[in-house]
Amino acid sequence: MSNLLNFPEEGVIVADDAFPLRTDILKPFNTRGEFGVKQKIFNYRLSRARRVVENTFGILVSKFRIFEKPIPLSVEKVEQLVKTTCALHNWLRKTTKHYVTQQSLETEDWNTGSTIPGDWRQVSSLAISDSPPTTARHHSENARRVRNAYAEKFVTTCTVPWQWNMI
């Protein structure tokens, strides 16, 4: 809330329904309320962005076990550790043939729209719990406006034409 991480002013965090809607946190539209094509496209695109993030962290944790539990280092050292493991990961991807396989990544079956779990999901410490949705329903009008602006972008200037057939 006090921006200790120096988050960019216009930046947003991609989240799921367990988080509150805020101006800096995007979460899906609730399917029980107003839910049209724009909301459906927004939820789909947000879900795909979350999958990229989950794949990234999942692969890093499955390859570098230090990320399986809290790291007993200062924030500065953790930042160096993350950058170092990312650099090592990138180097290994370029120099090692089977470091990350297609099965490592979570993908989507384009015919059914279902998600095919990546191998990294088998790491027991990575089991993502089914947290109940947040009970915080009193989000601000500004937070709603930010999400609606992204939803509008996804069906206009940032649209991906082939996705229209998927909806």
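Is Glu141 buried, exposed or partly exposed? At 41% relative accessibility, Glu141 falls in the partly exposed class; here buried means under 20% relative accessible area, exposed means over 50%, and partly exposed is what lies in between (1.4 Å probe, protein chains only).

A note before the views: this is a predicted model, in which local features need pLDDT of at least 70 and side-chain atom pairs count only at pLDDT 80 or more, while totals for chains, interfaces and linings use all residues. Residues are numbered from 1 along each chain as its sequence is written, and side-chain values use heavy atoms, with hydrogens and water left out.

**View 1. The whole chain, for orientation, has 3 helices and 4 strands.** Helices (H or I, at least four residues) and strands (E, at least two) are DSSP runs, numbered from the N terminus. Walk along the sequence and you get β-β-α-α-β-β-α. Of the 167 residues, 26% are buried. The chain exposes about 11800 Å², and carbon and sulfur atoms supply 57% of that; the areas come from the Shrake-Rupley method with a 1.4 Å probe, and for residues only the protein chains shown count as cover. Take the contacts (heavy atoms within 4.5 Å) between residues at least 6 apart in sequence: 57% of them join residues at least 24 apart.

**View 2. Glu141 pairs with Arg144 in a salt bridge.** A salt bridge here is a side-chain nitrogen of Lys or Arg within 4 Å of a carboxyl oxygen of Asp or Glu. The closest N and O atoms of this pair sit 2.7 Å apart. Both residues belong to helix 3, 3 residues apart, which is about one turn of the helix. Arg144 is partly exposed, with a relative accessible area of 31%. Elsewhere, salt bridges that share partners tie Asp16, Arg50 and Glu54 into one network. The whole structure holds 8 salt bridges.

**View 3. Lys38 meets Glu152 in a salt bridge, 3.0 Å from N to O.** This pair links distant parts of the chain: Lys38 is in helix 1 (residues 37-63) and Glu152 is in helix 3 (residues 141-155), 114 residues apart. Both ends are partly exposed, Lys38 with a relative accessible area of 28% and Glu152 with 35%.

View 4. Phe7 lies in the segment before strand 1 (13-14) and is partly exposed, with a relative accessible area of 31%. Leaving out residues up to four places away in sequence, Phe7 touches Val12 and Ile13.

**View 5. The largest nonpolar core has 10 residues.** A nonpolar core is a set of buried Ala, Val, Leu, Ile, Met, Phe, Trp, Tyr and Cys residues joined through side-chain atoms within 4.5 Å. The members are Ile59, Leu60, Val61, Phe64, Phe67, Leu81, Leu92, Tyr99, Val100 and Trp120. Helix 1 and helix 2 (75-95) each supply at least two residues of this core, and helix 1 gives the most, with 3 residues. Apart from this core lies another, of 8 residues, among them Phe42, Leu46, Phe154 and Val155.
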